[in-house]
Number of protein chains: 2
Amino acid sequence: MSSEMNRYPSEIAALLKKVLNQDGPIPLHEPSFKGREWEYVKDCLDSSFVSSVGKYVDQFEDRLAQFTGVKHAVAVVNGTAALHICLKLIGVEQGDEVLVPALTFIATANAVCYCGATPHFIDSNFESLGIDPEKLEDYLAGITFQMNGVCYNKQTMCPIKAVIAMHTFGHPVDIDPLLEVCQRYKLELIEDAAESLGSYYKNRHTGSFGKLSSLSFNGNKIVTTGGGGAVLTNDDALAKQAKHISTTAKLPHQWAFIHDQVGYNDRLPNINAALGCAQMEQINQFIDKKRDLAKKYAQAFSKVQGITFFNEPAYARSNYWLNVLILSEENSAMRDPILLETSQQGIMTRPAWTLMNHLPMFQSCPHMDLSSAESLERRIINIPSSARLAESFQLDS
Amino acid sequence: MSSEMNRYPSEIAALLKKVLNQDGPIPLHEPSFKGREWEYVKDCLDSSFVSSVGKYVDQFEDRLAQFTGVKHAVAVVNGTAALHICLKLIGVEQGDEVLVPALTFIATANAVCYCGATPHFIDSNFESLGIDPEKLEDYLAGITFQMNGVCYNKQTMCPIKAVIAMHTFGHPVDIDPLLEVCQRYKLELIEDAAESLGSYYKNRHTGSFGKLSSLSFNGNKIVTTGGGGAVLTNDDALAKQAKHISTTAKLPHQWAFIHDQVGYNDRLPNINAALGCAQMEQINQFIDKKRDLAKKYAQAFSKVQGITFFNEPAYARSNYWLNVLILSEENSAMRDPILLETSQQGIMTRPAWTLMNHLPMFQSCPHMDLSSAESLERRIINIPSSARLAESFQLDS
């Protein structure tokens, strides 16, 4: 390694320090509870309704629906459960395949397995970090056939039922061409919007395009309920079903316990929803701050060789959930030294997820050429992204 | 119906009113938050650690382990998730059968289905309201054979892997003879102790006998976390696995996302665990009050014809989670009129669960003769059981 290369990690760390202008360890993403969180949670405790029946669950669902512009939101215990319910409701079952980006958090692929189906991994592009619709179309043209309105994988002879579009680190996938592919290949679109609450594709909120979509309110997300998630849909019947199967599929009755299918115990507790209601009152502030922070990062890294700050695609307005630096291909060997150097200096950073097809349990799953996802995996570094970091940064203008 | 029979429901309602000595609607089971709930939850919010990493999760697990005398407790999002993990960890999979009482809450059977296995329904007895070990042994002698240490169902040729013993309404199953049956038939014992935190079998806590056991902290349970559950086990390796697979099966690494199997996103959020820690500080008071209430009910109903208050089995000390009245067989037609009359008077009551084999999705599952469970289903009425109700009752002595 040249001496220039030796200095590179500490130069990146120094620049991050300068932008963030803070002492002490800086987490990747931490929540902020400066709104009415205490008030609502205390009210919830005082009411004794802490469990899955209670006014905060209804309020939280209303606020989510209003904010996203999607007709229905059904609050559940976490984003993984939300995704599982989405897949169940479009009829994904044993022996089916579901197209899933190889570059995603494990939950996307796990939820497919919970249905007994197989994740089939597809490539991402450099514009969105999510599914590449053109490359997907070329691939499907070669490996599928259609019969009675169902798309089949020629090699496995399994039905391919759906595509899950994950909006990576908050940046929206290019949805219009993806919807065209879905239509041509008879695939349902599910959006994994776990990371993209507050992100818009052509002025419409992510999660409003898929037949069903999932959100997450884990501790590291834009807004948090401790742990939580939601199913979004514009379809009245599917919304009703989502609520039904996440509430043990119990039929309404004055006292009898009649359940009409194998259901789940997945509803969000009221106490977590109370937290969520307070958080949703602040979401626009959070996003404004996060976009400010992103702007500063973009500015700071604009003149640095061999590394690029990832900006939202032209068609999108992103929440910049986790900010992304991308090393040049020649510089990709610097990823781990930078991760090490920054973490030693108390700046929490992390690489992209290991590609799903590289994990032992998914190694035998079908996949297309994944060269772009592989390239991104080698080169992505996530950097601190909490909303509060926008309050203290300092930059030369 | 004779005029005597006509009056029976209102007589039962009047007696309940007299015992409970309260105006206004009386729920079946409501939580009490008079301890340090608010303090801990506020501390949790102040710390920003509301999600699945945090000190309250560790503390809650420690308190559960200490209270139950089981070596390890792993806190998860709810009792259903806990049961699912128990089944996964003993290797229940597609094509297996698991013996489950027909008289149980739906979660017990659902968790079996989540593994792709089939619930096989077995009878309860009148002594415990749970599994009848003798009748089970006679049944297994007739319908099973063993090969290479595995028990098979002769008719379906499927392996029968385990028995789930559910401690009904908090009353312990007769575990010693059940353990003998398990040993003879090579079945793992899992305890569904969702309702029996604070219940003891021969001075040992329920949930300490099975290879793995599950607890629930739903809003209606002895202690609540809003929604929550736990896996209990004395086996170090299984405890480690329970934590691993409920945390997306992620391997420890400074930054890389390596998961070694299809895992779950099932860990209890810290904010819910904070509530649980405060609740566990009061559990002994809750149980004392609930046992007092049970005593008063027993006394009040001792002279009533055609209905019996269900007392803990001789071998047990029960938490009396939900108090139980059992109508005589001749009087069983009174069940619904009593449920109706009491609910009209603001006293919440409910019947036992619909037997699992009567639900549409389980109708084709294998089952033994279920005459005792059927009889119990016809005759059981649950009556108000909140700890606080012990504070205001009044009885002639």
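Leaving aside its neighbours within four places in sequence, with which residues is A:Val76 in contact? This is a predicted model, in which local features need pLDDT of at least 70 and side-chain atom pairs count only at pLDDT 80 or more, whereas totals for chains, interfaces and linings use all residues. Residues are numbered from 1 along each chain as its sequence is written, and chains are lettered from A and ligands numbered from 1 in the order in which they are written.

**Nonpolar core**

- With neighbours within four places in sequence set aside, A:Val76 is in contact with A:Ala81, A:Ala82, A:Ile85, A:Gly229, A:Ala230, A:Val231, A:Ser246, A:Asp266, A:Arg267 and A:Leu268, contact being defined as C-beta atoms, placed from the backbone, within 7 Å.
- The largest nonpolar core holds 253 residues, of which A:Val76, A:Ala230, A:Val231, B:Val76, B:Ala230 and B:Val231 touch the most other members; such a core is a set of buried Ala, Val, Leu, Ile, Met, Phe, Trp, Tyr and Cys residues joined through C-beta atoms within 7 Å.

**Where chain B touches chain A**

- In chain B, 51 residues are in contact with 51 residues of chain A.
- The side of chain B that touches chain A draws at least two residues from each of helix H2 (37-47), H5, helix H9 (270-280), helix H11 (335-344) and strand E15 (350-351) of chain B, where helices (H or I, at least four residues) and strands (E, at least two) are DSSP runs numbered from the N terminus.
- H2(B) gives the most to this side, with 5 residues.
- By class, this side of chain B has 24 nonpolar, 22 polar and 5 charged residues, with Ala, Val, Leu, Ile, Met, Phe, Trp, Tyr, Cys and Pro counted as nonpolar, Asp, Glu, Lys and Arg as charged, and the others, Gly among them, as polar.

**Helix packing**

- Helix H2 (residues 37-47) of chain A and H2(B) pack at an angle of about 155°, with their axes 11 Å apart; axes are lines fitted to C-alpha atoms, for helices over the stretch in contact, and angles run from 0 to 180 degrees between N-to-C directions.
- H2(A) and H2(B) are therefore roughly antiparallel to each other, since angles under 35 degrees count as roughly parallel, over 145 as roughly antiparallel, 65 to 115 as roughly perpendicular and the rest as oblique.
- The contact is made by A:Glu37, A:Trp38, A:Val41, A:Lys42 and A:Leu45 of H2(A) together with B:Glu37, B:Trp38, B:Val41, B:Lys42 and B:Leu45 of H2(B), and by class it has 6 nonpolar, no polar and 4 charged residues.
- Within chain B, the axes of helix H4 (residues 79-89) and helix H5 (residues 106-114) come within 9 Å and cross at roughly 45°, and H4(B) and H5(B) are therefore oblique to each other.
- By class, the contact of H4(B) with H5(B) has 6 nonpolar, 5 polar and no charged residues.

**Burial and exposure**

- In helix H12 (residues 371-379) of chain B, B:Ala373, B:Leu376, B:Glu377 and B:Arg379 are buried, a residue being buried if 20 or more other C-beta atoms lie within 10 Å of its own, exposed if 12 or fewer, and partly exposed in between, with C-beta atoms placed from the backbone.
- The buried residues of H12(B) pack against strand E14 (323-327), H11 and strand E16 (380-383) of chain B.
- A:Ala298 lies in helix H10 (residues 283-301) of chain A and counts as partly exposed because it has 15 C-beta neighbours inside 10 Å.
- A:Ala237, in helix H8 (residues 236-245) of chain A, counts as exposed because it has 9 C-beta neighbours inside 10 Å.

Note on methods:
Two residues are in contact if their C-beta atoms, placed from the backbone, lie within 7 Å.
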